[in-house]
Amino acid sequence: MLKKITLAILVASLAAPAFADGEVNVYSSRKEQLIKPLFDKFTESTGIKVNLVTGKDDALLERLKLEGENTPADLLMTADAGRLHRAVEMGLTQPVESETLKKDIPATLRDPANQWFGLTSRARPIFYVKDKVKPEELSTYEALTDEKWKGRICVRSSDNIYNQSMLGSMIAVNGVEKTQAWAEGFVRNFARPPEGGDRDQIKAAAAGQCDIALSNTYYYGQMLTGEEAEDKAAAEKVAIFWPNQQDRGVHVNISGAAVTKVAKNKDNAVKLMEFLVSDESQKWYAEANQEYPVKAGVAASEMLKSWGEFKADSVNLSELGKNNAEAVKIMDKAGWK
Amino acid sequence: MEIKPLLWRAVLLGMALLTALPILAVFGYVFVPAPEVWQHLRDTVLTDYLLNTLWLVLGVGFGVLLLGLPAAWLNSMCSFPGQRLFEWALLLPLAMPAYIIAYTYTGMLDFSGPLQSLLREVTGWKYGDYYFPNVRSLGGAVTMLSLVLFPYVYLLARAAFLEQSICVLEVSRTLGANQWQSFFRVALPLARPAIITGLSLALMETLADFGTVQYFGVSTFTTGIFRTWFGLGDHAAASQLAALLMGFVFVLILLERWSRSRARYHHTSSKYSRIPKYRLTGSMAWLAVLVCALPLLLGFVIPVGQLLYWSVTVAKDGVDGDFINLVWHSLMLASLASLFALLLALILGYGKRLNNDPLTSLSVRVAAMGYAVPGTVIAIGVLIPFAWLDTQLNHLSKQWLGSSVGLLLSGTLFTLLFAYNVRFLAVSLQTVEAGLGKIKPTVDNAGRSLGLSAFGVLHKLHLPLMKGTLLTALLLVFVDVLKELPATLILRPFNFNTLAVRAYELASDERLADAGLPSLMIVAAGIIPVIILSRSIGKSRAGEK
C-alpha cells in the first residue's frame, strides 16, 4: 500500500509544470510575504496565474543557469541590484522594451540596456543615538574612519550583500585603493565584531553598545511600525542621518526584476513588472514594507516622508555588481568579519 | 556463485556512485587551478576558517558526550525521580533545528535582549560595566549545536547499553569490579561503536551547519565555501575548500577505523534477564535529576517557551489553509525521504556485509559522505547532472518528436527527494550498519546452511532481529528532513513551501517573532516520531517485555 502511494506521488511529481497561456513563472529572492499579496492582486485583475519559487539570490541564479534553455522561469526578482547585474553578465536575461517601465522608473534605477528594472528602492544611511551624537558631528561615509568614532560603530557582517553593494558603490567613486584604506579605518572603529542583522545593529546602538549603526531604511521603518514593543523603543532612540549630501549622495539599492532569456511567457512577465510599478503597487510597498517607491509622483508613506528628503547616490547600480568580488576581497583584507 | 557476487558489486557500486554523483559533480571543479583566489584566502581568512572549524568540532564533540553519555547511562541502569519522563524527553531536542534554537537564545540573551536589559535596569550598569557571555560567538555556536545534537549520542549510547547482556555486567561484578570499573571497562568499551556513530553523526551535522554559524558571525569552512562561491564568484576555489572539508571528515573516519583495528563487537551471550535498576536515593538521586534535567531544559523547554511566547504575542496570521498546506508538505517530504533512505541503506549495508572487499567498502563510505556536506552544495551538485540530463532529453525529444518536453527532473519533487537521500543517507546507513554489526555472522551462516538465500537471510532473520534499528533509521531521517532548509529552498517546485522555508523567510527578514509559529510546528511535528523512537528503544532490550 505504502509503495503504491509512494509511486503515485512520484509519478505526479514528475509531471513538468504546465505552460498554459495564463501563467507567469517567477524565481524570487524577495521573500514570499513581501510579494505574494501583490501577485494575488495581479491575478485578480488580469486572470494570469503567478507561480512562485523563492530562495537565496545566488542559489536561484545558479538554478537558472543550470536549467539553461529549459528553465520554466520567466521572471527573476531579487532584493539587490548587484545580483541582477550578475544575471545579465551570466547571459540569463533579455532586454525588455516597455514604455511604461521606461517612463515610470528613473534611469539610474534600471539597466542602461533595459535588461533589468528597479521596482522599489531603499537607502543605507547612518543611524545615530540621539542623546549621544549630534548630527553636526556626522558628514559622510568616508568620515566614519575618523579617530573620534573609535569603538562606537555597529555594522553587520561583510557576508551580507548590502554591505558588499555599499562597498561596490564606493569603489565606483573612490577606486580600489582608497576604498581599501577606508575599510581598514572603518573596521578599526567597530564597537564589536560584526554580528546579527541590520535590526540588531540599531538595537545594539539603542542599548548602549555603540553610538552609530548602518542599516537599511525599511528595517528601521518596520521596527517603528511593528508589534514588538522592545524593537519600537529601540528604534525611537536613534535617528537617521543622510550622509554625503554635499557630494554623491546616500547609498541606495533596489529590489528589482529581469525577464529571463528563454521566458516562454514574456508578455505576462512584462505585464507583471508593469503592474508592480503601478501607483497601487508602489503605494503598497511603501505602506507595507516602508520601501521608497521608484515611480515619481507616488507619495511615500507618512513615515517615509517624516524622515525627510535626501539626495541619493546616482551611480548606476550595475556598478555594484561589477565591483562585488573586489568588495569582498577588500573586506577580507580589512578583517571585516 | 561467480556471477552473483559480481552482480551485487555492480549494483552496490552503481548505487553508491549515483548517490555520490552530486558531490563528485561539485568536485569536478577541484582540478581547475585558482592560484590567485587561494593566495587571497591564505593571506586573509583561511586561518580563521581552519581554527574556527577545528574548535567548533572539538567543542561540539566534547559537548555532546558530556550531555549525552551520563544521561544515557543513568537512564539505562538507574531509577530516580522522573526517570520515566527523562527517558524519552531527552530525545526532544532532536526536533529543534539548530538555527531556530540560535534565534531563540539570541532573542533572550542578546545585549539588547530582555535579560540583559533587565540586568542593566536593576543595577544601573552600562555597556562595558559588566561581563556577560556573548551568545553570538564561537562558544555560543558550540553551545547551541551541542544542545540540539547531544540526543544522537544519548540515543545510540542508550540503545547500546540496553542491548548489552546483563550477564556481561554481572560477570564483571563477580570478578571484582566495582560499579565504576564495570562501567569504564565493560559497558563503555562495548558501547563504543554506537557512541562513535552518535558522535560522528553529531559532528558531521556540525560541519554541514550553515544557519547557526552564519547567524552568529563565526567564519567556518561552510561559510567560507559560500563566500568564495558566491561573493568571490570563484567555483574552483570554493569546491577546493569543500574538498578540504571532505578530507577532514575522511581522516576522522579512517582514524576511528584504524583505532578499532580488528576488534569486533558482536554480542556473544544469548542469556538476557531483566536488569534490576539501581535505585538512587538522596543527593545521588538529585544529582541524577540535574544531569538529565539540564540538557532537557536548555535544549528544549526554554527555547520552546520562547517560541510559544512569540507565537502567542505577535504572530499575525493564525492557522489557515495555507498553513495546513505547509504542514502537509513537510510531513509528506519527510515520510517519503526517510523510506527511500532506509531502502537504500538496507541494500548498501547488507551488500557490504555480503561482499566485504575494499572497493565495496570504499564506495559505501563515499555514498555516505553527503551528511557532512552543506545542503546548498548538495543542491547545486544535484542540479548539475540533472539539468544536464534534462538538456539531453530535450535534444532527443526535439529530434524525435519535434518539440521539447521541458524540465522532467529539475524543479520536481523527485530531485528534492534525491537530494535528501544524498544528504541524509549516512544517518540511515550508519544506523543499519550498527544494527547489522550486532548480529553475529554465524546467524547468516546458519541461515544459509539451512537453505535460505542471501535475500532470505535478510528478510527472515535480519529484518525481524533489527526492527528497532529500522525504526530508528526511519525516524532519524524523518526528523532531519523536517528540519532541512538549504536544499529545500533551492530545489523545490513552484508554489511549494514547507514549514522550514516559511520559518526561514520570516527569520531572515529579521522578523524573529513572526517565525515563532512555523518553528513551533516543526518542533511539534518532530516530537511524535521522537517519542515513538524512544518507546521502541525502551522495548529493545532483550529479555524485557
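**View 1. Chain A as a whole: helices and strands.** Chain A of this predicted model contains 14 helices and 10 strands. Helices (H or I, at least four residues) and strands (E, at least two) are DSSP runs, numbered from the N terminus. Chain A has a radius of gyration of 21 Å, close to the 20 Å that the globule rule gives for 337 residues, so it is as compact as a globular protein of that length. The radius is taken over C-alpha atoms, and the globule rule is 2.2 Å times the number of residues to the power 0.38. Along the principal axes, the C-alpha atoms of chain A fill a box of roughly 65 × 50 × 40 Å. Of the 337 residues in chain A, 55% are buried. A residue is buried if 20 or more other C-beta atoms lie within 10 Å of its own, exposed if 12 or fewer, and partly exposed in between, with C-beta atoms placed from the backbone. Among contacts in chain A with a separation of 6 or more, 78% join residues 24 or more positions apart. Two residues are in contact if their C-beta atoms, placed from the backbone, lie within 7 Å.

Residues are numbered from 1 along each chain as its sequence is written, while chains are lettered from A and ligands numbered from 1 in the order in which they are written. Since the model is predicted, local features need pLDDT of at least 70 and side-chain atom pairs count only at pLDDT 80 or more, whereas totals for chains, interfaces and linings use all residues.

**View 2. The open sheet S6-S7-S5-S8 of chain A.** The 4 strands of this open sheet stand in the order S6-S7-S5-S8, with mixed pairing. Two strands pair if DSSP finds at least two bridges between them. Strand S6 (153–154) and strand S8 (238–241) of chain A are the edge strands, each pairing on one side only. Strand S5 (residues 126–129) of chain A is antiparallel to S8(A), with 4 bridges. Within this pair, A:Ile126 has A:Phe241 as its bridge partner, and A:Tyr128 stands opposite A:Ala239. S5(A) also runs antiparallel to strand S7 (residues 212–214) of chain A, to which 3 bridges join it. Here A:Phe127 stands opposite A:Ala213.

**View 3. The two domains of chain A.** Domain 1 of chain A covers 18–121 + 253–301, and domain 2 covers 123–251 + 318–334. These bounds come from an automatic or database domain assignment. The centres of the two domains, taken over C-alpha atoms, are separated by 28 Å. Where they meet, 10 residues of domain 1 of chain A are in contact with 16 residues of domain 2 of chain A. H4(A) gives the most to the domain 1 side, with 4 residues. By class, the domain 1 side has 1 nonpolar, 5 polar and 4 charged residues. Ala, Val, Leu, Ile, Met, Phe, Trp, Tyr, Cys and Pro count as nonpolar, Asp, Glu, Lys and Arg as charged, and the others, Gly among them, as polar.

**View 4. Where chain A touches chain B.** Contacts link 53 residues of chain A with 50 residues of chain B. On the chain A side, the elements that give two or more residues include helix H1 (2–14), helix H2 (32–46), helix H3 (57–67) and helix H7 (198–207). That side has 19 nonpolar, 16 polar and 18 charged residues.

**View 5. Helix H3 of chain A and its cover.** In H3(A), 10 of the 11 residues are buried, so it is largely enclosed by the rest of the structure. The buried residues include A:Asp57, A:Leu60, A:Arg63 and A:Glu67. Their cover includes strand S1 (23–28), strand S3 (75–78) and helix H4 (81–89) of chain A, together with helix H12 (221–231), helix H17 (375–401) and helix H22 (486–491) of chain B. A:Gly68 follows H3(A) and has a positive phi, near 55 degrees.

**View 6. Helix H7 of chain A.** This helix is mostly covered, with 10 of its 10 residues buried. Among them are A:Asp198, A:Arg199, A:Lys203 and A:Ala207. Just after H7(A), A:Gly208 takes a positive phi of about 105 degrees.

**View 7. The two domains of chain B.** Chain B is divided into domain 1 (30–315) and domain 2 (322–512). Their C-alpha centres lie 24 Å apart. The contact takes 26 residues from domain 1 of chain B and 24 residues from domain 2 of chain B. H10(B) gives the largest share of the domain 1 side, 7 residues. By class, the domain 1 side has 19 nonpolar, 6 polar and 1 charged residues.
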